[in-house]
Amino acid sequence: MTSSFLVSKIISSSSKLFSTHTNKYKLLQILHQILCIALYWIVFFLRLLPSLYPNPKTPSKPFDAFSGKRDKNIIQETTVNGDSTSVCRALTQILSIINEIPVSSRKYELVRSLAEKLIEDNLKVGSDVLRDINCTVLSSAFAKTLQQLESAVMEEVKETTLIGSSEHRLDRILHKIWSYSERAWAWLGENAGVPKPDAWAAEKLAAELLWFAMKMSTCGAVDVAISSWGSASRLAWLSISAEPRVQGSLVKISVFLLKEARKMGQTDEMEKDQNYDDENVMKMIGKHDEQSEKKMKLLMSWLPFLCRASKGTDAPVLSTGDRVEVERAIEDLISTFKKDQQERVLALWLHHFTSCPLSDWPNLQSCYNSWLDASRKQLAI
């Protein structure tokens, strides 16, 4: 008689006697707990196998075991004006470590505070070179993290789609077992100092991306973040199917950059009114067109996501005041566009706003009516 047959026999017998023999039901519960614990440890040792027997083609540690030097790929040769300085290399290394180290590590906040101090000290000096170092290194880190975020969201969406489309009960059972093993691994990692398997999770990367964007705004390079985020249309589309917590993090990034995009170009308009030099005016017009294109990409890429994304229920991502402010920011951005561009943005908004019954934000109805009135007047002339 096989072991599997014995187990099934015990389970069936226990279920039949459940109503009259509570002591046997308790025994079955104990057996179930023992099996679960055994499963956790089996998965634990299976997950340890890659670290015990690493692939010889790829290094298992970022440091050379003999020389103690960090791999050259870890310290990127970011340059400012064609030169690489010690301050530039130090900031590049610190931002790279922020990407690598898990949030559960007790040294994560230490590295973040070290990066904060380095960036702020560079600004306090008032040197254009140090300011350029901040902008260049932060822009590079933002682009790198954005690529990692897109990959993480893509893997998450693939897994969700695979499980959702599965019609076999075995696949669902295996997924349930794997989710329990992930929780067990996370618990073991927290108590043994082992990095969690979700150290590169999309939520962590999104939080770091928002932090990079805020620092870029402080250093005067937020237009680079706006341009990169506006070009990430693939990420925006994938994010519609991401988990609610990840969506909430991406909403925060989009909202912050939309507010910053509204500010972009306001100083140039004031200078344009005061300066009547034709050459300078032409340069400002060219810069205005470039900024308008960045704003257009930002809205076209992320407006559908904002219409469909989860804003949080127990802990809302945005307050009522924030939602109103973002709506005003979007309307201000649209008002700076040409009529045909306004039509494209508002048509896109109307489609996704009406297609999602669970969300009523952002509500751009007043902006839509204003555009219609202006178009009517133009035809009546």
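**Labels and their cut-offs**

Tutor: Gladly; let us begin with Val326, which is found in helix H13 (residues 320–335). This is a predicted model, in which local features need pLDDT of at least 70 and side-chain atom pairs count only at pLDDT 80 or more, while totals for chains, interfaces and linings use all residues. Residues are numbered from 1 along each chain as its sequence is written, and side-chain values use heavy atoms, with hydrogens and water left out.

Student: Why is Val326 called buried?

Tutor: Buried means under 20% relative accessible area, exposed means over 50%, and partly exposed is in between (1.4 Å probe, protein chains only). Val326 has 0% relative accessibility, so it counts as buried. Ser301, in helix H12 (residues 278–308), is buried because its relative accessible area is 12%. Of the 381 residues of the chain, 36% count as buried.

Student: Which residues does Val326 touch, not counting those up to four places away in sequence?

Tutor: They are Val255, Leu258, Lys259 and Trp361, where contact means heavy atoms within 4.5 Å. Val255 is 71 residues from Val326 along the chain, and their C-alpha atoms are separated by 6.6 Å. With neighbours within four places again left aside, Ser301 is in contact with Gly230, Ser233 and Ala236. Among contacts between residues at least 6 apart in sequence, 75% join residues at least 24 apart.

Student: What makes a set of residues a nonpolar core?

Tutor: Its members must be buried Ala, Val, Leu, Ile, Met, Phe, Trp, Tyr and Cys residues joined through side-chain atoms within 4.5 Å. The largest such core here has 79 residues, and Leu95, Leu149, Val153, Trp229 and Leu257 have the most contacts inside it. Helix H5 (residues 128–165) gives the most to this core, with 13 residues. Beyond four places in sequence, the contacts of Leu257 are Ala213, Val222, Ala225, Ile226, Trp229 and Leu298.

Student: How do you know how H4 lies relative to H7?

Tutor: Axes are lines fitted to C-alpha atoms, for helices over the stretch in contact, and angles run from 0 to 180 degrees between N-to-C directions. The axes of H4 (residues 108–125) and H7 (residues 202–219) come within 11 Å and cross at roughly 15 degrees. That makes H4 roughly parallel to H7, as angles under 35 degrees count as roughly parallel, over 145 as roughly antiparallel, 65 to 115 as roughly perpendicular and the rest as oblique.

Student: And why are H14 and H15 called oblique?

Tutor: The axes of H14 (residues 339–355) and H15 (residues 365–380) come within 11 Å and cross at roughly 140 degrees. H14 and H15 are therefore oblique to each other. The H14 side of the contact includes Leu346 and Trp349, and the H15 side includes Tyr368 and Trp371.

Student: What lies in the loop between H14 and H15?

Tutor: Pro362 is found there. The peptide bond from Trp361 to Pro362 is cis, with omega near -5 degrees. For background, most peptide bonds are trans.

Note on methods
Helices (H or I, at least four residues) and strands (E, at least two) are DSSP runs, numbered from the N terminus.
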